[in-house]
Amino acid sequence: MYAFRYQRPSSVEAALELASADEEAKYLAGGMTLIPALKHRLASPSRLIDIARIPSLRVCERIGTGAGAVWRLGAALRHVEVAQHAGLASDLPALTRLAAGIGDPQVRARGTIGGSIANNDPAADYPSALLALGAVVMTDRRRIAAEDFFQGMFTTALEDRELIVAIEFSIPRRAAYAKFPHPATGYAMAGVFVAEHQDGNWRVAVTGVGAGVFRWEAAEAAIAAGDPVPSLERDDLMEDMHAPGAYRAHLASVMLAKARSQLSIGV
């Protein structure tokens, strides 16, 4: 690990000021990706700006009423806090169950939703929820639709030193998430998030199968029409030592069927 300066600001404004003064600074939230990178000397920031305890980044609140209501989750909310939030579980049980299945207890106790989506691992769980639920990523500068935020493997629309402050989720009629986890890491070898929105439209998002999270438009159209869902066909299927692309595509079909069965019984 290289030497660095550690600072823990008490507000978003203070964090931004520190970051603007140092081009080599990095934000630190849960540290589930950054700390291992530091240990292996794969990253060498001049300073770490710890944002994990900033109060405004730890909100979890329902905003509005009726069909237009949304849930706003602060970027520093830990996975365990998302998983155990009673109000969120009432409106978005698929999201709280997704959070409860991330990694292991140690990861859930430290990892944050903002850190997960900022890293945009192609096998992470949260990106599928954002994409299927039509979420909006709020930063210190702008609002970014999930469709525009995720831009490929470990790549997002974030600019230098731009800070995620919250994520807003619309409340669907019903939704479900199913994944086939890697037995060692808990990452999704295939994860499928299905949501029926208040306007009757369906969205299906897939993680762990391609170079990044993506919508499965053919599945959306088939579900809406009541037709059988076609096989998943893409040119960027993930191939590694754990599974070939064709196997992951098959897993996606199986996970989609599992998620739909949860919808049919009101889960």
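## Salt bridges

Arg248 and Asp240 bring their side chains together in a salt bridge, with 2.7 Å from N to O, where the term stands for a side-chain nitrogen of Lys or Arg within 4 Å of a carboxyl oxygen of Asp or Glu. Arg248 is buried at 3% relative accessibility, whereas Asp240 is partly exposed at 33% (buried means under 20% relative accessible area, exposed over 50%, and partly exposed in between, with a 1.4 Å probe and protein chains only).

The structure holds 15 salt bridges, and another of them links Arg215 to Glu220, whose closest N and O atoms are 2.9 Å apart. Here Arg215 is partly exposed at 23%, while Glu220 is buried at 7%.

## Basis of the model

This is a predicted model, in which local features need pLDDT of at least 70 and side-chain atom pairs count only at pLDDT 80 or more, while totals for chains, interfaces and linings use all residues. Residues are numbered from 1 along each chain as its sequence is written, and side-chain values use heavy atoms, leaving out hydrogens and water.

## Charges over rings

The charged end of Arg41 sits over the ring of Tyr2, 4.5 Å from the ring's centre, and Arg234 lies over the face of Phe214, at 3.7 Å from the ring centre. For such a contact, NZ of Lys or CZ of Arg must be within 6 Å of the ring centre and within 35 degrees of the ring normal.
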